[in-house]
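The following explanation leads through a two-chain model, from single side-chain pairs to the contact between the chains. Please keep the sequence and the coordinates at hand while reading.

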There are 2 protein chains.
Amino acid sequence: MNIKEKCLPCMVEQAIKTANMVNAADRDVLYKKILAQMSEMDFSMTTPEVVGDSNEIIKAHVGCVDPYKEVKDRYNRMFSEKMSEYAKKISSFSEAVKYAIAANIIDFNPIHINVHEEMERVFSKISELTLTIDDRTCLEADIKAAKTVLYLGDNCGEMCFDKLLIEHIKRISPDCRVYFAVRGAAVINDNTYEDAISVKMNEVATVISNGDHSPGTVLSRVSEEFLDIFRSADVVISKGQGNFETLEGCGREIYFMLMAKCPVVAEALSVPLRSLVCKKQK
Amino acid sequence: MNIKEKCLPCMVEQAIKTANMVNAADRDVLYKKILAQMSEMDFSMTTPEVVGDSNEIIKAHVGCVDPYKEVKDRYNRMFSEKMSEYAKKISSFSEAVKYAIAANIIDFNPIHINVHEEMERVFSKISELTLTIDDRTCLEADIKAAKTVLYLGDNCGEMCFDKLLIEHIKRISPDCRVYFAVRGAAVINDNTYEDAISVKMNEVATVISNGDHSPGTVLSRVSEEFLDIFRSADVVISKGQGNFETLEGCGREIYFMLMAKCPVVAEALSVPLRSLVCKKQK
């Protein structure tokens with residue numbers, strides 16, 4: 001999915017959020033660097049590629065390798081502690097998918113400290129929530145027949161529900177090998193290798209880095225090692241908007257699981273804003 | 001008021017709106033030009049200066065001197081036709097000020113065709129609306145003692161209510177000379193000389209251009225002729241956010257009349273968002 005004009009203000013907004021997260025000095029110099037980078041972008045790129053590059057500029061400017069580290073840790077801890085409770089509530093693969101998609105709403109606004117309450121509120125009404133696009137039955141069948149599943153993670157916090165879903169995947173397909181892919185470098189609140197290990201993802205899956213710093217999966221940038229697994233996996237599950245924006249139309253079968261949080265993605269999927277989606281790309 | 005980081009996404013958004021208004025071709029080339037211009041801006045500038053410069057880039061790119069012409073004409077016609085009706089409802093200077101401030105909500109979204117209904121709705125409840133900062137009594141006294149009033153206009157449509165207010169100014173101060181200032185070039189939906197003449201502003205005031213293309217009053221850019229009047233006028237009335245952003249703290253007495261439409265301006269005035277304000281700057 002190429003950059004849309006509507007994405008431009010959001011790209012700037014994202015840079016501002018990150019600069020605030022680390023209380024960056026010389027903010028005007030920083031923004032001018034980012035605007036200069038954006039002025040040279042190729043509009044055939046995807047938005048996550050540009051955001052990833054801006055993020056590298058911010059990291060270099062402030063001398064910080066992981067601006068969201070503290071907040072990512074906080075959310076991972078918060079949800080890790082609650083997972084045994086959620087595990088009891090979630091009895092089927094299909095339900096685990098729904099929870100993992102609903103968890104995609106987790107939003108890392110530093111002033112928004114009641115995220116757990118918000119998630120509780122969403123989960124308390126989860127039986128009323130429906131998936132606007134629902135390819136779960138097909139996904140379940142594909143997983144049962146699969147030898148390898150590649151699960152492309154998205155955000156911290158949310159990752160705890162990904163882990164729970166992977167447990168369900170292994171229940172319905174015990175001999176299946178599951179890979180959990182993380183970003184190659186810290187970018188916004190996305191999962192890194194370190195984050196995945198911190199929630200013990202390695203207990204249920206082989207954690208692999210995609211080798212790139214974008215908040216998505218950019219096939220022209222990822223490592224050869226990742227690409228081999230991506231190409232050969234029997235099933236690929238892709239969480240979140242960033243992975244969707246970078247993999248939509250890439251030519252291989254993928255299950256996209258996400259909440260459509262912005263108009264651009266909602267439009268691309270032809271669903272209303274805030275829809276929950278589990279869509280098989282053929 | 002210097003550029004705030006929160007203004008950056010809005011600057012980009014404004015460029016996109018204008019590009020859509022004229023259905024600009026080669027949109028990616030255009031946005032790259034604007035991002036490059038923004039990457040070189042001085043953060044000690046005001047936001048309207050940057051928006052004015054971006055707007056000139058768009059006008060040059062599409063070869064159109066007034067991208068909002070059609071929509072400005074439509075709103076000016078729409079409200080001109082209704083003014084005799086409003087004139088009957090508005091019996092005092094004080095009320096005319098309130099209407100002129102409330103009219104500052106007129107928003108030029110091309111898909112928002114019911115602006116007149118929205119204004120009717122606002123005006124039908126106008127007796128319930130209060131000014132969060134209310135220096136109208138002081139303004140009235142100053143106008144009664146004034147020989148010259150300079151009225152800095154803002155948007156088309158709204159301008160019809162400015163004209164009505166000027167009629168009230170002349171009622172309370174019959175010998176007073178009123179200047180109505182417009183932008184020196186078309187910029188967004190702001191009033192130009194041609195727009196002011198189209199609503200017959202010249203029947204009640206001397207229409208003058210400020211000589212600059214910013215959607216505000218940038219004293220370092222305006223013409224000498226305008227500056228003379230600005231410096232010598234007994235009373236200056238400044239409509240809207242753009243004029244406030246460029247004149248706040250300029251060192252002369254000004255009455256700012258506006259609706260605080262964005263968090264940055266609301267914060268600068270220490271008022272809640274959407275407050276109506278008539279504030280004397282000393």
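This is a predicted model: local features need pLDDT of at least 70, side-chain atom pairs count only at pLDDT 80 or more; totals for chains, interfaces and linings use all residues.

By about how much of a helix are A:R74 and A:E70 separated in helix α4 of chain A? The two residues are 4 apart in helix α4 (residues 69–89), so about one helical turn separates them. Helices here are DSSP runs of H or I with at least four residues, strands are runs of E with at least two, and both are numbered from the N terminus.

Residues are numbered from 1 along each chain as its sequence is written, chains are lettered from A and ligands numbered from 1 in the order in which they are written, and side-chain values use heavy atoms, with hydrogens and water left out.

A:R74 and A:E70 form a salt bridge, with their closest N and O atoms 3.2 Å apart. The term denotes a side-chain nitrogen of Lys or Arg within 4 Å of a carboxyl oxygen of Asp or Glu. A:R74 is partly exposed at a relative accessible area of 26%, whereas A:E70 is exposed at 53%. These classes are set with a 1.4 Å probe on protein chains only: buried is under 20% relative accessible area, exposed is over 50%, and partly exposed lies in between.

A second pair of this kind is found in helix α7 (residues 136–144) of chain A, where A:K144 and A:E140 are likewise 4 residues apart and thus separated by about one helical turn. The closest N and O atoms of their salt bridge are 3.6 Å apart. A:E140 is partly exposed, with a relative accessible area of 22%.

B:E203 and B:K163 approach to 3.6 Å between their closest N and O atoms. B:E203 lies in the loop between α9 (193–198) and β4 (206–209), and B:K163 belongs to helix α8 (residues 158–172), so the pair ties together parts of chain B that are 40 residues apart in sequence. B:E203 counts as exposed at 56% relative accessibility, while B:K163 is buried at 14%. Salt bridges can also share partners, and in this way A:D66, A:K69, A:K72, A:D73, A:E194 and A:D195 are joined into one network. Over all chains, a search of the whole structure finds 42 salt bridges.

The next stop is helix α1 of chain A, which holds A:T18 and A:A19. A:T18 is buried, with a relative accessible area of 1%, and A:A19 is buried with a value of 0%. Apart from neighbours within four places in sequence, A:T18 is in contact (heavy atoms within 4.5 Å) with A:N55, A:I58, A:P67 and A:Y68. The side chains of A:T18 and A:Y68 are also joined by a polar contact of 3.4 Å. A polar contact is a pair of N or O atoms within 3.5 Å; within protein, one must be able to donate a hydrogen and the other to accept it, and residues adjacent in sequence count only if both atoms are side-chain atoms.

In chain B, strand β2 (residues 148–152) and strand β3 run parallel and are joined by 5 bridges; pairing requires at least two bridges found by DSSP between two strands. Within this pairing, B:L152 stands opposite B:A181 of β3(B). Strand β3 (residues 177–182) is mostly covered, with 5 of its 6 residues buried.

Finally, how do the chains meet? Contact involves 19 residues of chain A and 19 residues of chain B. Together the chains bury about 1,700 Å², 72% of it on carbon and sulfur atoms; buried area is the accessible area (1.4 Å probe) that two parts lose on being put together, summed over both. In chain A, the residues that lose the most area to chain B are A:E5, A:K32 and A:L35, together 33% of what that side buries. Between the chains there are 2 salt bridges, and the side chains of A:R27 and B:E5 meet in a salt bridge at 3.0 Å, N to O.
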